[in-house]
Amino acid sequence: MKRKQFRIISLLTVMVMGAVVGFSVSIGNPVLAVGVVLAGMAVMYNLKNRLEGVVEDERIHQVSQKASRVTLQIVAQGFALGAAVLIAMRDTFPGYTDLGFFMAYSSCGVIVLYSLFYKYYNREYGG
């Protein structure tokens with residue numbers, strides 16, 4: 001499959017997914033929404049495997065790894081900072097304290113998950 005065909009089919013797939021998810025939300029059926037998203041992911045995965053002429057080299061992987069790491073750091077630090085602010089201002093904005101704790105726990109969860117994956121891949125690649 002050529003890149004132009006891939007883009008057209010991908011766009012159509014995303015449009016159908018969006019329409020069905022919007023419909024399922026409007027009728028209150030989360031099972032349909034989850035099913036369509038999973039089916040769409042499978043379609044996109046199969047389309048990407050059939051794509052011809054895609055060459056990925058070490059530079060692409062290295063740039064992707066660096067971008068992912070910086071994104072992870074920004075999100076984790078942003079959540080932690082936002083959580084600290086919301087929890088510290090619990091007297092001023094009492095309704096947002098739960099959001100602050102959610103953000104704090106999410107930040108901790110992301111950091112723990114990163115640490116586990118780091119250990120795994122460090123061991124896997126002989127670090």
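This note walks through a pocket, a surface patch, a salt bridge and a few residue pairs.

1. **The model.** This is a predicted model. Every value below is computed from it, and residues are numbered from 1 along the chain.

2. **The largest pocket.** Start with the space itself. The largest pocket holds about 500 Å³. Its lining includes Gln65, Lys66, Ser68, Arg69 and Leu72. Tyr114, Phe117, Tyr118, Tyr121, Asn122 and Tyr125 also line the pocket.

3. **Where the lining comes from.** Helix H3 spans 58–88 and helix H4 spans 97–124. Each supplies at least two residues of the lining.

4. **A nonpolar patch on the surface.** Look next at Leu81, Val85, Met89, Phe93, Tyr96, Leu99 and Phe102. Together they form a nonpolar surface patch, with about 670 Å² of accessible area. H3 and H4 are the elements that give two or more residues to this patch. Those two helices also supply residues to the lining of the largest pocket.

5. **Leu99 in the patch.** Leu99 is one of the patch residues. Helix H4 is where it sits. Is Leu99 buried, partly exposed or exposed? Its relative accessibility is 39%, so Leu99 counts as partly exposed. Patch residues need over 30% relative accessible area, and Leu99 has 39%.

6. **The salt bridge.** The structure holds 1 salt bridge. In it, the side chains of Glu52 and Lys2 meet at 3.4 Å, N to O. Why does this pair tie together parts that are 50 residues apart in sequence? Because Glu52 lies in the loop between helix H2 (30–50) and H3, while Lys2 lies in the segment before H1. As a general point, side chains of opposite charge can pair when their charged atoms come close.

7. **Exposure of the two partners.** Lys2 precedes helix H1, which covers 3–27. At 54% relative accessibility, Lys2 is exposed. The cut-off for exposed is over 50%. Glu52 has a relative accessible area of 48%, so Glu52 is partly exposed.

8. Lys2 and Phe117 are 115 residues apart in sequence. In space, their C-alpha atoms are 35 Å apart.

9. **Gln73 in H3.** Gln73 belongs to helix H3. With 34% relative accessibility, Gln73 counts as partly exposed. Which distance separates Gln73 from Ser107 in space? It is 9.9 Å, C-alpha to C-alpha, for two residues 34 apart in sequence.

10. **Gln62 in H3.** Gln62 also lies in helix H3. Its relative accessible area is 45%, so Gln62 is partly exposed. Pro30 is 32 residues away from Gln62 along the chain. Their C-alpha atoms are separated by 37 Å.

Note on methods
Predicted model: local features only at pLDDT ≥ 70, side-chain atom pairs only at ≥ 80, totals over all residues. Heavy atoms only, no water. 1 Å grid on protein atoms, 1.4 Å probe; cavity = no way out; pocket = protein on both sides within 12 Å on 5 of 7 lines; lining within 4 Å. Points joined across faces, edges and corners; volume = space filled by probe spheres on them. Helix = DSSP H or I, 4+ residues; strand = E, 2+ residues; numbered from the N terminus. Patch = residues over 30% accessible without salt bridge, like charges linked within 9 Å, V, L, I, M, F, W, Y side chains within 5 Å. Areas by Shrake-Rupley, 256 points an atom, 1.4 Å probe, with all protein chains shown as cover. Salt bridge = Lys/Arg side-chain N within 4 Å of Asp/Glu carboxyl O. Buried < 20%, exposed > 50% of the residue type's maximum accessible area, 1.4 Å probe, protein only.
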